[in-house]
Structure formats: C-alpha cells, structure tokens
Amino acid sequence: MAQAATSPELTPQQGSRNLPSIANANERSDLSEEVLRALETYKKKDSPKVVVRFKGVGNAPIMKQNVYKIVATNRFQAVIQFLRRELGWQKGEPLFLYINSTFSPAPDDTVINLYKSFATEGFLIVNYSTTPAWG
C-alpha cells in the first residue's frame, strides 16, 4: 500500500498554533472588504419597512407629509431622531411620542415589534406632542 504524501506546508510545526493560509494577508483584507460591501448592499436593498403615520397632538406642529416608510429593524430611537429632524426640533426641546394615543414606547423597542403588536389598519400610528399628553 502506498502512503499518502504530506505537504510540508500543511503539517503542524512544533510549538506553532497558526493554521496554514491559502491567501496572503492583502488578498484576505480585499476579500473581506468586498464581502462587507456586498452584505451592506444586500441589507439596504432587502430591508423590510414599516409604514408609520405621525399625528400631531395639542400644540405640536402638523407635518405636511405624515406617512413614512421606516426600516423595520430600527430601534424606536431612530423614529424619535427622524421626527426631530423633520420638525426641526433641537435635542433639548421637549418632544413626547406615543403609540396609538396610549403609551410611550422605550427607545430600545424595535419598530417591527411595535408594528406587530400595535398596528392599526396597516399603519403604526405615532402621536407626538410638545407637552405630556397621555400616561
């Protein structure tokens, strides 16, 4: 019987823990950058969206466009920041957001979870106010 020939590159060296590499370091970094770009493109292209309807309450300014599609995997904090930007509100100015005129969600809740639990007629209704409106 013939014995299998072993390549000196594939045999472990005494005291070495490194595995043999197929590609050199430059090829690996180029490949990983390309893979990361492809993943980002895929995420942007196929990310599910949720339809959010904003409704002003009390003395809050009314938005000209009040229906937007927002990426479902975003945290509610992204919705807060988006609304502040749309209204031209600064960080220190008060802005209170509520779901279905009922409760104020935590900023770390995901939009998709809120939509699945509290959607009304295909919309996630977000009420906003400059003063506290509901408990």
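A residue is called buried when its relative accessible area is under 20%, exposed when that area is over 50%, and partly exposed in between, as judged with a 1.4 Å probe and the protein chains only. By this definition Ser101, at 32% relative accessibility, counts as partly exposed. The structure is a predicted model, in which local features need pLDDT of at least 70 and side-chain atom pairs count only at pLDDT 80 or more, while totals for chains, interfaces and linings use all residues. Residues are numbered from 1 along each chain as its sequence is written, and side-chain values use heavy atoms, with hydrogens and water left out.

**Aromatic rings**

- A pair of aromatic rings is described by the distance of the centres and the angle of the planes.
- Rings of Phe, Tyr and Trp (its six-membered ring) pair if their centres lie within 6.5 Å, and planes under 30 degrees apart count as stacked, over 60 as edge-to-face and the rest as tilted.
- Searching the whole structure in this way gives four aromatic pairs; in one of them the ring centres of Tyr68 and Phe82 are 4.9 Å apart and the planes meet at 75°, so this pair is edge-to-face.
- This pair links distant parts of the chain, since Tyr68 belongs to strand E2 (residues 67–71) and Phe82, 14 residues apart from it, to helix H2 (residues 76–87); helices (H or I, at least four residues) and strands (E, at least two) are DSSP runs, numbered from the N terminus.
- Tyr68 is buried, with a relative accessible area of 15%, and Phe82 is buried as well, with 16%.
- Together with Phe54, the residues Tyr68 and Phe82 form one aromatic cluster.

**A charge over a ring**

- The charged end of Arg53 sits over the ring of Phe123, 4.0 Å from its centre, where the term requires NZ of Lys or CZ of Arg to be within 6 Å of the ring centre and within 35 degrees of the ring normal.

- Most residues other than glycine have a negative phi.
- With a relative accessible area of 24%, Asn100 is partly exposed.

**Helix H1**

- Leu39 lies in helix H1 (residues 25–46) and, at 44% relative accessibility, counts as partly exposed.
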